[in-house]
Amino acid sequence: MRLDRFFLGAAAGFFAVALVFAPSALASVTVTGVAEWVRPTIAGPMEAVWEELEQGDATGREEGTLRIVAERLFPGLSIKGISISGGNLFLDVAFQDPPAGGWLVAIERPELIPELAGLFDDDLGDARRMLEDMISPVPAGSLSWTGQAFQKESWRILSERVPGWSPSLLFLQRNDGGLSVSVRFHALPPVVIAYTPRISSRTLPRILQSEITDDALEVLAPFIGLPGDWFVLHERVIEGMVAEALESKWATRDMMGRVSVGITPERIAPVEIKVESERYNFQAWAAIHLGSDERYPEIGIHLGRRTAPFRGWDLELYGEWVASTNDLSVESRWGARWSPWPDIWVGVELAYPWEDLWYRVWLEEILPRVYLWGRVNSEGDAVAGIGWRFGGYLAWELYYDNRDEDRISVRLVGNL
């Protein structure tokens with residue numbers, strides 16, 4: 001049988017008495033014998049009673065009066081001792097017999113996927129045992145005045161462990177005569193209601209990236225409804241879960257994909273997903289030049305095969321084809337490059353039809369979304385570009401070629 005109606009009636013009577021006996025800062029009452037969480041509930045009304053008794057004529061029956069009032073205000077509480085020193089009141093109290101069947105606390109976690117449920121359980125730790133130890137000495141009749149204090153202390157303990165989740169408590173009577181506390185949780189705003197993934201890659205074409213976007217929406221679906229505060233607590237772990245799930249999808253598995261994920265926990269949460277293949281490098285682009293009459297729009301393809309012949313030695317063998325749209329003349333480049341440091345590649349390539357040997361360097365991210373590349377040959381020719389990526393697949397690039405009369409131009413590069 002639920003105890004809600006009983007609690008409401010008894011609590012109303014108790015708090016009406018407590019308001020009549022408003023506590024005074026002049027009175028001092030110290031309570032011992034019970035847990036810290038319940039002491040203020042006893043001390044407050046008793047301070048008001050003690051003040052009234054102090055202001056009246058001394059009859060020598062103050063102790064008896066205090067016992068009678070305490071028993072009326074706090075059913076289920078025994079007064080073990082009363083002492084008065086220097087005008088201060090000291091109460092030694094104890095709870096009477098707890099329910100015959102004892103207390104049980106059951107915590108029902110929110111509906112979460114198993115990986116998140118494990119995080120939630122780890123956050124709670126021994127919270128269930130703590131709550132059970134707190135409530136175990138309380139008799140059923142004392143819930144009318146201890147219930148609110150227990151809920152307040154429980155909320156403090158649980159909300160510190162699982163921020164963003166609001167606990168609610170329900171007291172129930174069991175068939176064996178014991179009592180139970182059922183704890184449930186609901187998410188506090190702000191809550192993540194949707195994700196907006198944005199894919200970027202230096203090694204995969206956009207046709208594969210769009211497929212990964214569909215996979216990302218599927219993978220992110222179980223993470224909808226999480227409260228922002230709890231998400232922040234486990235941000236790196238959740239990002240790792242999403243990245244691992246995406247890596248297992250066929251599109252990234254076939255390409256030996258390595259995925260990194262960054263999520264901003266907002267109501268509509270942006271998701272930055274970087275996908276890089278450890279085996280292949282397939283890029284296609286189109287570019288138009290601004291500020292130069294000598295440079296025509298061009299399209300290009302880069303196909304590379306990556307390997308690591310030695311530990312920490314990333315090597316790529318590649319072919320590159322660049323076609324100018326005015327006459328469709330094609331320049332092919334065949335080369336090898338290696339990465340001595342992250343985001344830095346150096347290499348050498350042979351360009352046809354002129355059979356020129358070029359030395360080349362790539363700095364893929366010198367600043368966020370900023371890259372730099374350059375190539376020189378033995379004749380002193382130099383070509384270079386510094387660019388800024390935007391919109392996920394576009395880049396503005398300051399382009400330099402000392403073979404042209406207009407050596408500097410701006411070009412807009414779009415990854416296909």
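The model is predicted, so local features need pLDDT of at least 70 and side-chain atom pairs count only at pLDDT 80 or more, while totals for chains, interfaces and linings use all residues. Residues are numbered from 1 along each chain as its sequence is written, and side-chain values use heavy atoms, leaving out hydrogens and water.

I begin with the chain as a whole. It holds 10 helices and 19 strands, where helices (H or I, at least four residues) and strands (E, at least two) are DSSP runs numbered from the N terminus. The radius of gyration is 36 Å, well over the 22 Å that the globule rule gives for 416 residues, so the chain is more spread out than a compact globule. That radius is taken over C-alpha atoms, and the rule is 2.2 Å times the number of residues to the power 0.38. Along the principal axes, the C-alpha atoms fill a box of roughly 115 × 45 × 35 Å.

Of the 416 residues, 44% are buried; buried means under 20% relative accessible area, with a 1.4 Å probe and protein chains only. Among contacts (heavy atoms within 4.5 Å) between residues at least 6 apart in sequence, 49% join residues at least 24 apart.

Strand E18, residues 394-401, pairs in the antiparallel sense with E17, residues 382-390, over 8 bridges; two strands pair if DSSP finds at least two bridges between them. The bridge partner of Phe-390 is Leu-394 in E18. These two strands form a hairpin with 3 residues between them, and Gly-391 in the turn has a positive phi of about 70°. E18 and E19, residues 408-415, pair in the antiparallel sense over 7 bridges, with Trp-396 opposite Leu-412 in E19. Which face of E18 is covered? The covered face carries Ala-395, Glu-397, Tyr-399 and Asp-401, whereas Leu-394, Trp-396, Leu-398 and Tyr-400 make up the uncovered one.

Finally, I consider strand E8, residues 257-263, whose side chains alternate. Strand E9, residues 268-277, pairs with E8 in the antiparallel sense over 7 bridges.

How values were computed. Buried < 20%, exposed > 50% of the residue type's maximum accessible area, 1.4 Å probe, protein only.
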